[in-house]
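Here is a short briefing on one protein model, arranged by topic. Keep the structure open as you read.

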Amino acid sequence: MAANRAEVLVIGGGIVGVCAAYFLAQRGAKVVLLERDEICSGASYGNAGLVVPSHSIPLPAPGVVAKGLRWLLNPESPFYIRPRLDLTLLSWLWRFWRSCTEEHVRTSLPSLCTLQQVSLALFAQFAAEGLPFGWQRKGTMTVYNTEQGFEDGVREVELLRQHGIAAEVLTGEQVREREPLLRETVVVGVYFPGDAHLDPAAFVHALANRTREMGALILTQTEVKALEGRGRRVERVLADGEWQVDLVVLAAGAWSPQLVRPLGIPLPIQPAKGYSITFCHPNFLPSLPLMLNEVRVAVTPLDGRLRLGGTLELAGLDLSINQRRIHAIRQGVAKYLPSVSGSKEVVWSGLRPCTPDGLPVLGRPHRLDNLIIATGHGTLGVSLGPVTGKLVAQMAAGEPLDHDVRLWSPDRFLR
């Protein structure tokens, strides 16, 4: 059987893959996108839908390990590792620990701040062009039930302000003036006016449709099983059939490492399971997205629905629903807001691809000339999706990049 042919083959139909396909097609490339399931069926579907330059401090930071150790083995904590003997996980945790330094935060923060704000501008442009995805720029508010939690928050606010992120510190009374639904237990809050939110599934589906209209071929239920290399090139992609390719863009999220491992490219990415509960016709809707600090839960109003999203669970490529985690989200939210109910509840889990240094992976590995890797965005996949797609298109065209992403290079894991 003759092989299929693709000028540019994008692997992955989440927000990063679809954004890459869009910007490539916009430049006239003949694009084929392969998705193992349906478009936006993974981590891009049920997340909190936040575009948050205010959350540009990487996950590994000073103090995170001490806090994580308290949570580590509690199945209802915001951060949980399922106990297992896994050398890949142990290596990841060691790298994570090595990254929890002030120096790492100082070097990582500028690129995360800048590129999230570029993405925000791209989202606004898509909305202005009529793409329907519930775009709202009302900011976000992080609220605290303890003074101790706020002490950590103050340090982060000062650091973010140094990088141009506007923040307004509010007393408990001022917080409740802005959002009367919040309980008296909330002692303080920080309002970030530059943040925004959207319906992530609506965005990915709308952009996928526009990409099809531009001539791209999007194939779902098509799992990529292997990349075969020869010399310095990916020669063939094996899916439901065989594809010969000029360029491959790997945007397969948590499934990316297993595809490039046989090519000698190490990608230390752990699938970090997140959960959400979406209430249809809820009994209340906050006026803007809320971040509940101590329990690490995001509360997002989405066009008549309410989404509670949170937790980070390292349990491998496992999408099963842990009911104790769902219970923890409900209990955590109840400490800040009234009891939530709705006409229907949808419980969801997704695997976020997390690197040990908290930075995405974006670039060409030195081993192969026709492979661009775009993955590892962790909890910032929505925030960084558009700018990642635009940079992929610039890389594919061999153009100078608008932004310096050398810190995001896939080759950093060789050191």
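Cys 40 is buried, because its relative accessible area is 2% (buried means under 20%, exposed over 50%, partly exposed in between, with a 1.4 Å probe and protein chains only). This is a predicted model, in which local features need pLDDT of at least 70 and side-chain atom pairs count only at pLDDT 80 or more, while totals for chains, interfaces and linings use all residues. Residues are numbered from 1 along each chain as its sequence is written, and side-chain values use heavy atoms, with hydrogens and water left out.

**Backbone: positive phi**

- Most residues other than glycine have a negative phi.
- Cys 40 is not a glycine, yet its phi is positive, at about 60°.
- Cys 40 sits in the loop between β2 (31-34) and β3 (50-51). Helices (H or I, at least four residues) and strands (E, at least two) are DSSP runs, numbered from the N terminus.
- Asp 303 also has a positive phi, of about 45°, without being a glycine.
- The loop between β15 (297-302) and β16 holds Asp 303.
- Asp 303 is exposed, with a relative accessible area of 57%.

- How many residues of strand β7 (residues 188-192) are buried? Five of the five are, so the strand is largely enclosed by the rest of the structure.
- In a regular strand the side chains alternate between the two faces of the sheet.
- On one side of β7, Val 188, Val 190 and Phe 192 are buried.
- β5 pairs with β7 in the antiparallel sense, over five bridges. Two strands pair if DSSP finds at least two bridges between them.
- Val 188 in β7 is the bridge partner of Tyr 144.
- Strand β6 (residues 168-171) is also antiparallel to β7, with four bridges.
- Gly 189 in β7 stands opposite Leu 170.

- Strands β10 (residues 226-230) and β11 (residues 233-239) run antiparallel and are joined by five bridges.
- Arg 230 faces Arg 233 of β11.
- Two residues lie between the strands of this hairpin, and Gly 231 takes a positive phi near 65°.

**Salt bridges**

- Side chains of opposite charge can pair when their charged atoms come close.
- The count comes to 19 salt bridges, each a side-chain nitrogen of Lys or Arg within 4 Å of a carboxyl oxygen of Asp or Glu.
- Arg 210 pairs with Glu 129, and their closest N and O atoms are 3.2 Å apart. This pair links distant parts of the chain, 81 residues apart: Arg 210 is in helix α7 (residues 200-213), Glu 129 in the loop between α4 and β5 (140-144).
- Glu 129 is partly exposed at 41% relative accessible area.
- Asp 199 and Arg 305 meet at 2.6 Å, N to O. Asp 199 is in the loop between β8 (196-197) and α7, and Arg 305 is in strand β16 (residues 305-314), 106 residues apart.
- Asp 199 counts as buried at 13% relative accessibility, while Arg 305 counts as partly exposed at 21%.
- Arg 330 and Glu 345 form a salt bridge, with closest N and O atoms 2.7 Å apart. Arg 330 lies in helix α9 (residues 323-334) and Glu 345 in strand β17 (residues 344-354), so the pair ties together parts that are 15 residues apart in sequence.
- Arg 330 is partly exposed at 33% relative accessibility, and Glu 345 is partly exposed at 37%.
- A network of salt bridges links Lys 273, Glu 313, Asp 318 and Arg 325.

**Cavity**

- Rolling a probe the size of a water molecule over the atoms shows where empty space is left.
- The structure holds one cavity of 30 Å³ or more. On a 1 Å grid over the protein atoms alone, a cavity is a set of points where a 1.4 Å probe fits but cannot get out; lining residues have an atom within 4 Å of a point.
- The largest cavity has a volume of about 40 Å³. Grid points are joined across faces, edges and corners, and a volume is the space filled by probe spheres set on the points.
- Its lining includes Gly 264, His 366 and Asp 411.

How values were computed:
On a 1 Å grid over the protein atoms alone, a cavity is a set of points where a 1.4 Å probe fits but cannot get out, and a pocket is an open set with protein on both sides within 12 Å along at least five of seven lines; lining residues have an atom within 4 Å of a point.
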